[in-house]
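I'd like to walk you through one protein chain, so let me put it on the screen.

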Amino acid sequence: MDTNIKTLNEVEYKFVPHETSDKLVVSFNRHNGGTDFFKYKTLLTDQQTNVLFLSNDNNWYLDNDGGERYRNTLKPYVDKYGKENVFFFGSSMGAYGALLHGLHFGVNVYASNPQINKDTVLKYERPQGGNYANSLVKKDIKLVSTVDMYGEHGNTIESVIYLLFGDAACDVSNLKEFLTAIPKKVKLIVDKVPNNEHDFWTHSVEDIMGRFEITRKLREITYSNYKQ
């Protein structure tokens with residue numbers, strides 16, 4: 001057992017500081033990940049920022065409280081580093097968690113093939129064994145809808161979101177679901193990979209940090225009214 005793994009609000013996590021960095025990356029774990037944290041070795045082999053690794057027991061970072069215990073765990077970190085310097089990321093179930101909580105805090109988000117709609121997931125994957133469709137059914141998880149992700153203050157959210165999607169029918173359908181109600185102030189990048197695997201394609205720290213910088217730079221861009 002890693003003695004550096006902590007528990008706060010019943011959330012297992014591990015924080016790895018970087019003394020010279022004022023930025024924070026939060027890794028949301030995948031389905032069945034346990035404390036084998038998502039991209040742990042990748043992010044720490046050539047560590048460039050403070051890193052917070054989150055674990056999850058296959059409840060899509062929701063629970064019966066809509067994810068409040070995760071928000072309570074994350075809030076002190078977001079407050080410390082500032083939303084412009086915080087990057088939530090994950091794939092599949094972890095991507096959903098990154099979107100859900102990233103939009104709540106207005107931070108930068110990188111989500112690869114997020115599972116947005118329960119019906120869509122079940123349509124394309126038969127629940128069986130230890131897969132994520134089975135977890136959705138067995139635990140009766142009700143994924144928060146795209147519109148409800150934003151809450152009552154949706155049009156004031158200023159997140160920058162980098163979405164990565166492949167050609168799998170389930171992932172394409174989830175992308176369409178997410179695009180139905182984007183808040184006015186959210187800046188969005190959609191990056192398409194010519195592959196039909198439900199996977200995470202950025203496997204190096206350079207790829208991850210590169211997308212972090214893209215979201216930070218995009219956040220700085222302002223708009224002016226167009227005049228003919």
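One term before we start: I call a residue buried when its relative accessible area is under 20%, exposed when over 50%, and partly exposed in between, using a 1.4 Å probe and protein chains only. Please also keep in mind that this is a predicted model, where local features need pLDDT of at least 70, side-chain atom pairs count only at pLDDT 80 or more, and totals for chains, interfaces and linings use all residues. Residues are numbered from 1 along each chain as its sequence is written, and side-chain values use heavy atoms, with hydrogens and water left out.

How confident is the predictor? On pLDDT, its confidence in each residue from 0 to 100, the chain has a mean of 89, and 95% of its residues reach 70 or more. Helices (H or I, at least four residues) and strands (E, at least two) are DSSP runs, numbered from the N terminus.

Two strands pair if DSSP finds at least two bridges between them. Eight strands make an open sheet with mixed pairing, in the order E1-E2-E4-E3-E5-E6-E7-E8.

Let's zoom in on E6. E5 and E6 run parallel, joined by five bridges. Phe 88 sits opposite Val 109 in E6, and Phe 89 opposite Tyr 110. Which way do the residues of E6 point? Asn 108, Tyr 110 and Ser 112 point one way, Val 109 and Ala 111 the other, and all are buried.

On to helix H8 (residues 205-220). Its 16 residues reach 23 Å from first C-alpha to last, close to the 22 Å expected at 1.5 Å a residue; that expected span is 1.5 Å times one less than the number of residues. Its buried residues include Val 205, Ile 208, Phe 212 and Arg 216. Counting contact as heavy atoms within 4.5 Å, what covers the buried residues of H8 includes E3, helix H1 (40-45) and strand E5 (86-91).

Last stop: Lys 118, in helix H4 (residues 118-124). Leaving out residues up to four places away in sequence, Lys 118 touches Leu 136, Asp 140, Ile 141 and Leu 143. A polar atom of the Lys 118 side chain lies 3.1 Å from the backbone oxygen of Ile 141.

Terms used
pLDDT = per-residue confidence, 0-100. Polar contact = N/O pair within 3.5 Å; in protein donor to acceptor, adjacent residues only side chain to side chain.
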